[in-house]
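The sequence and the structure come before the discussion.

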Amino acid sequence: MFTKSYQGILMGFIIGVTCTLWLQQNSQIKTTEMITSAPTTLPSSSTYEQSKSNLSPKFSINYDNIAQFYEEYYKFYELNREWQKKSFLGVHFLQNPNDAITIAEILHDQDIDLVIETGTYRGGAALFFASVMYQYRYNASTKTIRPFKIVTMDINGEAKTFISRYPLLASYITFIPHGSTTEIAKSIVNRTFIEMKPTNVFISLDGNHYAESVYDELVYYQNYLSNIGNYILVQDTRLSSKWHTMFCAEPKLGGPCNGPQEAVNWFLKNEGQGRFVIDPAKEYLFSTHHNGWLKKIA
Ligand SMILES: C[S@@+](CC[C@H](N)C(=O)[O-])C[C@H]1O[C@@H](n2cnc3c(N)ncnc32)[C@H](O)[C@@H]1O
């Protein structure tokens, strides 16, 4: 009796140990498989560039519907005041996130040294530019930073308080509390340009959005874009639409409205002709700056 139950216990013990060993072995195989199949390194940036250029579109946009799409989108963006709803590092950021990523891409891919921004508001965009630029300018192995600068200006001085919350980023931002076409603003931009001798410049016009003001900024600040392929971004061409009675009260610079789009069109017919083109490729999916991404070609 005792011997039989002893044998039973022994048998159970052997079966238990065998099963445990089998399970352990199998789970080890699974774990190893999982680890080896997971990527161990991220693709290098050259692989990324290559994969980007290899992407051929399978489906194209029906451009007959684009105008209607933009009309709906601009209506939604304006009437819901979507443009006021974003922040960057807790600071008001009056940028469409979709366009902001395209700006970040340009900054990095063109190795931009200097950004000139008209219309700082609270400095959300300036802090965003500085954050992105710091990353590609910082060399981890030598712990050095290649110089870069954001010069930004506004008739309102409130940006100073917001920008100074971030001392590291603030050290790369020159805030000018003056209008974009005042002599003082022009002289500070000029001095920075001469001191830095930048190779690649990015210009964002986001100040007074009335046609004549944007046009004056275009005519003046285009001189700081020395490298072919660099961009001037005329922000918020969406304002030249019927949802903005303010910007469509009276036609200016060839009309039909008196907003940023009229400034772009007028500039391209005059000073910018043969030197700048609209680059629709920067309007990834949709842009609040439709026809506002101006690429220097000569
Ligand atoms: C759309 S907000 C700028 C938003 C900012 N770039 C951002 O992304 O957070 C427009 C700003 O332009 C400023 N502004 C108006 N007229 C100006 C001028 N002549 N020169 C510079 N800034 C001006 C306004 O005070 C306002 O703060």
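## Overall make-up

Helices and strands here are DSSP runs, numbered from the N terminus, with at least four residues (H or I) for a helix and at least two (E) for a strand. The model is a predicted one. On that basis the chain holds 10 helices and 11 strands.

The chain has 298 residues, of which 35% count as buried. Taking contacts between residues at least 6 apart in sequence, 68% join residues at least 24 apart.

## Ligand surroundings

The ligand is surrounded by 20 residues, and the closest are Gly119, Tyr121, Ala125, Gly207 and Asn208. Sorted by class, this shell contains 12 polar, 6 nonpolar and 2 charged residues.

## Packing of H4 and H5

Helix H4 covers residues 97–109 and helix H5 covers residues 124–137; their axes come within 10 Å and cross at roughly 35 degrees. The crossing of H4 and H5 is right-handed. On the H4 side, Ala100, Ala104, Leu107 and His108 take part, and they meet Phe128, Phe129, Val132, Met133 and Tyr136 of H5. The residues of this contact comprise 8 nonpolar, 1 polar and no charged.

## The largest nonpolar core

The largest nonpolar core has 56 residues, and those touching the most other members are Phe129, Ala130, Ile203, Ile232 and Ala263. H5 contributes the most to this core, with 8 residues. In soluble globular proteins, nonpolar side chains tend to be buried together.

Phe129 belongs to the H5 side of the helix contact and is also a member of the core. Apart from neighbours within four places in sequence, Phe129 is in contact with Leu107, Val115 and Ile150. Leu107 is one of the H4 residues in the helix contact.

## Backbone exceptions

Most residues other than glycine have a negative phi, and most peptide bonds are trans. Which peptide bond in this model is cis, with omega near 10 degrees? The bond from Gly255 to Pro256 is. Pro256 is placed in the loop between strand S9 (231–234) and helix H10 (260–269).

Asp111 is not a glycine, yet has a positive phi of about 50 degrees. Asp111 lies in the loop between H4 and strand S3 (114–118). With 13 other C-beta atoms within 10 Å, Asp111 is partly exposed, because that class lies between the limit of 12 or fewer for exposed and 20 or more for buried. Asn291, also not a glycine, has a positive phi of about 65 degrees and is in the loop between strand S10 (276–278) and strand S11 (293–296). Asn291 has 19 C-beta neighbours inside 10 Å and therefore counts as partly exposed.

Is Asn190 buried or exposed? Asn190 has 12 C-beta neighbours inside 10 Å, so it counts as exposed. Asn190 is part of helix H8, residues 183–196. Between Asn190 and Tyr221 there are 10.0 Å from C-alpha to C-alpha, at a separation of 31 residues in sequence.

Leu168 sits in helix H7, residues 167–170. Leu168 counts as exposed because it has 9 C-beta neighbours inside 10 Å. The C-alpha atoms of Leu168 and Ser131 are 9.4 Å apart, while in sequence the two residues are 37 residues apart.

How values were computed
Residues numbered from 1 in each chain as written. Predicted model: local features only at pLDDT ≥ 70, side-chain atom pairs only at ≥ 80, totals over all residues. Near = placed C-beta within 6 Å. Nonpolar A, V, L, I, M, F, W, Y, C, P; charged D, E, K, R; others polar. Contact = placed C-beta atoms within 7 Å. Axes fitted to C-alpha atoms, helices over the stretch in contact; angles between N-to-C directions. Left-handed = near helix turned anticlockwise from the far one by under 90°. Core = buried A, V, L, I, M, F, W, Y, C linked by C-beta atoms within 7 Å.
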